[in-house]
Amino acid sequence: MLVGSSGGHLAQLVALAPWYRDRARSWVTFDTPDARSLLDGEDVVWAHHPTTRNLRNLARNLWLAVRVFRGRDVAAVVTTGAGVALPFVVVARLRGIPTVYIEVYDRIDTPTLSARLCRPFLSAMLVQWEEQRRLYPKATVVGNLL
């Protein structure tokens, strides 16, 4: 399952196409024009937004995550954040599903809020720049996705 807010977070997940192309997958993102265009023909769960400082949508997405994981066989959750990531990472981890966070490429000086919140629930933390290892010393550098 690939989870990410629409826009740049989603674009970085889409860039993983060579890795996921031959794998069964589903997506969780926001129902926006760019997401509809990028994910045309894909299995998509539309999450509630906005998520920035919106506790109501955080709760709605938590309940959505519980329902989604009940009805699907998910081998792993891969996310680039932002707000939609936390409920899906938490529920996945509680169900024993591996969780992988890929820090976005444009944050090299400070960690993102979603990475900080998700970190206790992660199986693996990946970064795109060697400089990001200063923020996440145990992370694996995978290189730039875009």
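Both faces of strand 2 are covered in this predicted model. Trp27 and Thr29 are buried on one side, and Val28 and Phe30 are buried on the other. Buried means under 20% relative accessible area, exposed means over 50%, and partly exposed lies in between (1.4 Å probe, protein chains only). In a regular strand the side chains alternate between the two faces of the sheet. The model is predicted, so local features need pLDDT of at least 70 and side-chain atom pairs count only at pLDDT 80 or more, while totals for chains, interfaces and linings use all residues. Residues are numbered from 1 along each chain as its sequence is written, and side-chain values use heavy atoms, with hydrogens and water left out.

Strand 2 (27-30) belongs to an open sheet of seven strands, ordered 3-2-1-4-5-6-7 with parallel pairing. Helices (H or I, at least four residues) and strands (E, at least two) are DSSP runs, numbered from the N terminus. Two strands pair if DSSP finds at least two bridges between them. Strand 3 and strand 7 (140-141) stand at the edges. Each has a single partner strand, so one side of each is left without a neighbour in the sheet. Strands 1 and 2 pair in the parallel sense over two bridges. Here Val3 has Val28 of strand 2 as its bridge partner. Strands 2 and 3 pair in the parallel sense over four bridges. Leu126 stands opposite Thr140 of strand 7.

The largest nonpolar core has 17 residues. A nonpolar core is a set of buried Ala, Val, Leu, Ile, Met, Phe, Trp, Tyr and Cys residues joined through side-chain atoms within 4.5 Å. Met1, Val3, Val28, Phe69, Val77, Val84 and Phe88 have the most contacts inside this core. Strand 2, strand 3 (44-47), helix 4 (55-71) and helix 5 (85-94) each give two or more residues to the core. Helix 4 supplies the largest share, four residues. Val28 is in contact with Met1, Leu2, Val3, Gly4, Val45, Ala47, Val84 and Phe88, leaving aside its neighbours within four places in sequence. Contact means heavy atoms within 4.5 Å. A second, separate core of 15 residues includes Leu10, Ala17, Ala35 and Val78.

Eight of the ten residues of helix 5 are buried, so this helix is largely enclosed by the rest of the structure. The buried residues are Ala85, Leu86, Pro87, Phe88, Val89, Val90, Val91 and Ala92. They pack against strand 1 (2-4), strand 2, helix 4, strand 4 (77-81), strand 5 and helix 6. Arg93 is also in helix 5, but is partly exposed at 36% relative accessible area. Arg93 touches Thr99, Phe121, Leu122 and Ser123, not counting residues up to four places away in sequence. Just after the helix, Gly96 takes a positive phi of about 80 degrees. In helix 4, Asn57 is buried, with a relative accessible area of 4%. Asn57 touches His48, His49 and Pro50, again not counting residues up to four places away in sequence.

Four salt bridges are counted. A salt bridge is a side-chain nitrogen of Lys or Arg within 4 Å of a carboxyl oxygen of Asp or Glu. One of them joins Glu42 and Arg25, with the closest N and O atoms 2.9 Å apart. Glu42 lies in the loop between helix 3 (33-38) and strand 3, and Arg25 in the loop between helix 2 (17-20) and strand 2, so the pair ties together parts that are 17 residues apart in sequence. Asp31 and Arg36 meet in another salt bridge (2.7 Å, N to O). Arg72 and Asp43 also form a salt bridge (2.5 Å, N to O). That pair links distant parts of the chain, 29 residues apart. Arg72 lies in the loop between helix 4 and strand 4, and Asp43 in the loop between helix 3 and strand 3. Arg72 is partly exposed at 30% relative accessibility, and Asp43 is partly exposed at 35%.

Tyr105, Ile108, Trp129 and Leu146 make a nonpolar surface patch of about 360 Å². Patches are made of residues with over 30% relative accessible area and no salt bridge; like charges are joined within 9 Å, and nonpolar side chains (Val, Leu, Ile, Met, Phe, Trp, Tyr) within 5 Å. Accessible areas come from the Shrake-Rupley method with a 1.4 Å probe, and for residues only the protein chains shown count as cover. Tyr105 is found in the loop between strand 5 (99-102) and helix 6 (113-118). Tyr105 is partly exposed, with a relative accessible area of 36%.
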